[in-house]
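Here is a friendly walk through one protein model, for someone meeting it for the first time. Have a look at the structure, then read on.

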Amino acid sequence: MAMIFEKESRTFSEYLLVPNLTTRSCTPDQVRLSTSIVRYRKGNEPSPININVPLVSAVMQAVSDDRMAIALARSGGLSFIYGSQPIDSQAEMVRKVKKYKAGFVTSDSNLKPDATLADVLATKERTGHSTIAITENGSATGKLLGIVTSRDYRVSRTPPETPVHAFMTPFDHLVYAREGINLSEANDIIWDHKINQLPIVNDQNELVAMVFRKDYDEHKDNPEELLDAHKRLMVGAGINTRDYEERVPALIEAGADILCIDSSDGFTEWQKDTLIWIRQTYGETIRVGAGNVVDAAGFRFLAEAGADFIKVGIGGGSICITREQKGIGCGQASAVMAVAEARDQWFRETGFYVPICSDGGIVYDYHMPLALAMGADFIMLGRYFARFDESPTRRLLVNGTYVKEYWGEGSNRARNWQRYDEGGDETGKMAFEEGVDSYVPYAGKLKDNLDVSLSKIRSTMCACGSVSIPEFQKKARLVLVSATSIVEGGAHDVIQKESERRP
């Protein structure tokens, strides 16, 4: 008969942390959230790649494009740009991140001159931005013909069918700068001319970037920026086990700092083949993670194959239905603790520390420190980041509430059959869905929300007497909670003035 594990499959919500002594040195400003994300010989040499905050964005169409990668890297985390797209377009996203200069923003709101006011309003609704570049071809790099801001029209007086060229500020009336200007010089022009944005154009008057007045202070507020040796933002990219021989070289040429094999089940020979090919082709110079797994056997299989980090979790994501479709997986808390134990055993045997990434199962902010306490070195999040302005999906008004679209890589919408590939089928078809198409509550800017979440993590660590993630994992004490005590832990037996609860 089948083997039955003795321990139950448990989730993060079934645990709480028991406080330790908080010493005078345990204050939030002393907490360091830096963590390794690739294997290294622990104790003898530093990790080749650290992230400054232990959060990465998921390899998903609805989450991780170049805008998300830029925003998260500026806050100290890392994005893995989704791989369920043509190789050329994924590589181009990587290039955009590596070419990004702080303060020089690629315009995401662009229209042709024959667009209408209705198009302007629709673009503003979709992006949340009121500044729209009018270019010859309607792209972010087309010849700049003018700019439209909310000062250029009045909805109550301008008919919606009015063409943009009739009310835009034309190019010859704009204050602009040429490509090659530095950020300090650009900001000086903004302040001298009392304008809110400065277009940057090349010698052909093609739009290169925008510099905004509102970003001036932001540049001083990102001390945790994740930079490579050349002072460029760092970025990861997702790959699959089908076209890696073509995709990996293109992503490396584009400048990707780290790769990740994206799959719902990583305990397969196809992942091993992919890792072996990368090692034989590039040696140890290319860093690549693998997964997902939920137990010691899966961890050891991928560690032996050469994975630099290993993702943990099957079916725990908010849009993932793998468990109910296929009956495989494990509660995320149980999976993280089992794999963490295997990682520590692997380190004792080999001397190499292979970081693990908890992927899925995070519903509330307090689940993040729980995942770290249970042994995760860093956490991959999808739903959390999908809610922000920087995610690539549309913001919509549904039943009086602003939401953003969010769909799983296993949904028909994503059609990411490579992620759920079981081998043998060359047709590229999905037999059934393992993800859903949904909405998540719109939450605003990434940085505003991330700062709050990180504050909670730091505060929790202080309550547990820790100022670093390794110390936190060593000192953390966990207790199982009953269903009744879960109810007790929230607001109860009162009439709340506001019923809304923030994630």
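A salt bridge here is a side-chain nitrogen of Lys or Arg within 4 Å of a carboxyl oxygen of Asp or Glu. Keep in mind that this is a predicted model. By that rule, a search of the whole structure turns up 22 salt bridges. Here are three of them, with the gap between N and O.

| Pair | N to O distance | Where the partners sit |
|---|---|---|
| Asp228 and Lys98 | 2.9 Å | loop between β13 (207–212) and β14, and helix α2 |
| Asp262 and Lys311 | 3.6 Å | loop between β15 and α6, and strand β17 (residues 310–312) |

Let's start with the pair inside α13. An α-helix has 3.6 residues a turn, so residues three or four places apart point the same way. Lys475 counts as partly exposed, because its relative accessibility is 37%, and Glu471 is partly exposed too, at 24%. Lys474 also lies in this helix, and with 76% relative accessibility it counts as exposed. The C-alpha atom of Lys474 is 8.1 Å from that of Ala373, although the two are 101 residues apart along the chain.

The other two pairs link distant parts of the chain: Asp228 and Lys98 are 130 residues apart, while Asp262 and Lys311 are 49 residues apart.

Now for helix α5 (residues 244–254), where Tyr244, Arg247, Val248, Leu251 and Ala254 are buried. Looking down the axis of α5, these buried residues fall within an arc of 130°, so they line one face of the helix. Their cover includes α2 (87–99), β14 (236–239), β15 (258–261) and α6 (269–282). Just past the end of α5, Gly255 has a positive phi of about 110°.

There's also an open sheet of four strands, in the order β7-β8-β9-β10 and with mixed pairing. Its edge strands, β7 (110–111) and β10 (169–170), each pair on one side only. β7 runs parallel to β8 (residues 132–135), and two bridges join them; Leu111 has Ile134 of β8 as its bridge partner.

Finally, the surface. Leu16, Val363, Tyr364, Tyr366 and Val479 make a nonpolar patch there, with about 400 Å² of accessible area together. Tyr364 sits in the loop between β19 (356–359) and α10 (367–373), and its relative accessible area of 35% makes it partly exposed.

Conventions: Residues numbered from 1 in each chain as written. Predicted model: local features only at pLDDT ≥ 70, side-chain atom pairs only at ≥ 80, totals over all residues. Heavy atoms only, no water. Patch = residues over 30% accessible without salt bridge, like charges linked within 9 Å, V, L, I, M, F, W, Y side chains within 5 Å. Areas by Shrake-Rupley, 256 points an atom, 1.4 Å probe, with all protein chains shown as cover. Buried < 20%, exposed > 50% of the residue type's maximum accessible area, 1.4 Å probe, protein only. Pairing = 2+ DSSP bridges. Arc of directions from axis to C-beta. Contact = heavy atoms within 4.5 Å.
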